[in-house]
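Dear colleague,

I am passing on the structure below, together with some notes on what was found in it. Please read the notes with the coordinates open beside you.

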Amino acid sequence: MLFNLTEEHLMIQKAARDFANDVLKPGVIERDEHQKFPTEEIKQMGELGFLGMMVNPKYGGGGMDCISYVLAMEEISKIDASCSVVMSVNNSLVCWGIETFGTEEQKQKYLPRLATGQIIGAFCLSEPEAGSDATSQKTSAIDKGDHYLLNGTKNWITNGSTASVYLVIAQTHAELGHKGINALIVEKDMPGFVVGPKENKLGIRGSDTHSLMFDNVKVPKENRIGEDGFGFKFAMQTLTGGRIGIASQALGIASGAYELALAYSKERKAFGKPINQHQAIQFKLADMATQIEAARLLCLKAAWLKDKHLDYGTASAMAKVFASKVAMDTTIEAVQVHGGYGFVKEYHVERLMRDAKITQIYEGTTEVQKIVISRALLK
Ligand code: CAA
């Protein structure tokens, strides 16, 4: 068993770290404060290849492995989790979903622009009454021969107003339950598609979260992904990989907070010496570093399994449930290490604490991950 990263992995990690520090860090507090979408920053991420890392180069992607993706996600998330959620949704839900299950025409039509960030995508599963209970889809896609007639509402959609391409999960044959669900590629300019109000959020405030309304949207049949009725399995399989991305985001939030706490503990003096000379602080740092290392290993293990085309469903759920808890615990402790300074925005850790919470909720709550894990254990 080898734990070392390749030269290429180290280069990607460094490129992501440098980009995050040089380009994302300067405006991160302002974007959070004003809920400002990082338009220019996302454009640059696309140009550098961070939005289609695993996409085959023949469709404009980087052709990289999932381990590279985890490494880059961690570095971007250390600095700006609002940018990393855009990156995660675009890479592992939208690009991966189309590349893995789409037709050749769909891949050629959408992937080159998605993988380079010329456009970004959104993944639309959640509804006002279908969050964890994802089979209860009320959005309907009625079969009208050469097209589907799409009606309904989606909630909490990342990239809601900034995306151009939306993967929408909808019920076609209600009598068949989850076997009657389809996944459709919806384009923003299709008549009847309306972007609803923007959510005012606790964290990842730079990202763009909206409800979406579909009012008799005509979606051509060729925009369906997979066979008739494949939509629920499409969503589940896509989210299984997506959870590696969110686990890596949580890892990055945790390691970003830890690095800030470590640096601050060397500068700040109390009772005549740097606070890291007090055991109370040393033990916090030791706990953070240990938890983060365990989370990193779970993320990399899930990515390694995916790269080897082995079953990674349980591993991705374990990585997400664990890393998101580590993100919460570490960011709370990082604020504590900073004391009063931790409570003000200039020191970054309070934002990381707010950003951490969503990693326990989106792409399957902690409780949903435990359902996935326990079912695998008991089968
Ligand atoms: N891969 C393939 N198939 C799967 C699967 C997987 N990972 N998980 C389930 N399925 C299949 C099952 O085999 C079953 O098919 P069959 O009937 O043919 O056997 C079918 O899907 C239904 O599965 P379940 O009976 O297990 O369904 P359930 O109602 O018990 O729900 C659940 C299972 C795990 C709770 C699931 O509903 C779930 O994951 N819910 C959470 C949804 C979620 O993650 N939402 C996130 C929104 S997207 C988002 O957040 C993106 C963003 O913008 C950041």
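E350 and K345 are joined by a salt bridge in this predicted model, with their closest N and O atoms 3.8 Å apart. E350 counts as buried because its relative accessible area, 11%, is under the 20% cut-off, whereas K345, at 31%, is partly exposed. Elsewhere, salt bridges that share partners connect R17, E75, K78 and E259 in one network.

E74 is buried, with a relative accessible area of 2%, while R296 is partly exposed at 23%. The other brings together the side chains of K325 and D329, at 2.7 Å from N to O; both residues lie in helix α9, four residues apart, or about one turn of the helix. K325 is partly exposed at 43% relative accessible area, and D329 is likewise partly exposed, at 33%.

As for helix packing, the axes of α3 (residues 39-47) and α5 (residues 81-101) come within 11 Å and cross at roughly 45°, so the two helices are oblique to each other, and their crossing is right-handed.

Finally, Y341, F343, V344 and Y347 make a nonpolar surface patch of about 410 Å².

Key. Residues are numbered from 1 along each chain as its sequence is written. This is a predicted model: local features need pLDDT of at least 70, side-chain atom pairs count only at pLDDT 80 or more; totals for chains, interfaces and linings use all residues. Side-chain values use heavy atoms; hydrogens and water are left out. Patches are made of residues with over 30% relative accessible area and no salt bridge: like charges are joined within 9 Å, nonpolar side chains (Val, Leu, Ile, Met, Phe, Trp, Tyr) within 5 Å. Accessible areas come from the Shrake-Rupley method with a 1.4 Å probe; for residues, only the protein chains shown count as cover. A salt bridge is a side-chain nitrogen of Lys or Arg within 4 Å of a carboxyl oxygen of Asp or Glu. Axes are lines fitted to C-alpha atoms, for helices over the stretch in contact, and angles run from 0 to 180 degrees between N-to-C directions. Angles under 35 degrees count as roughly parallel, over 145 as roughly antiparallel, 65 to 115 as roughly perpendicular and the rest as oblique. A crossing is left-handed if the near helix is turned anticlockwise from the far one by less than a right angle, and right-handed if clockwise. Buried means under 20% relative accessible area, exposed over 50%, partly exposed in between (1.4 Å probe, protein chains only).
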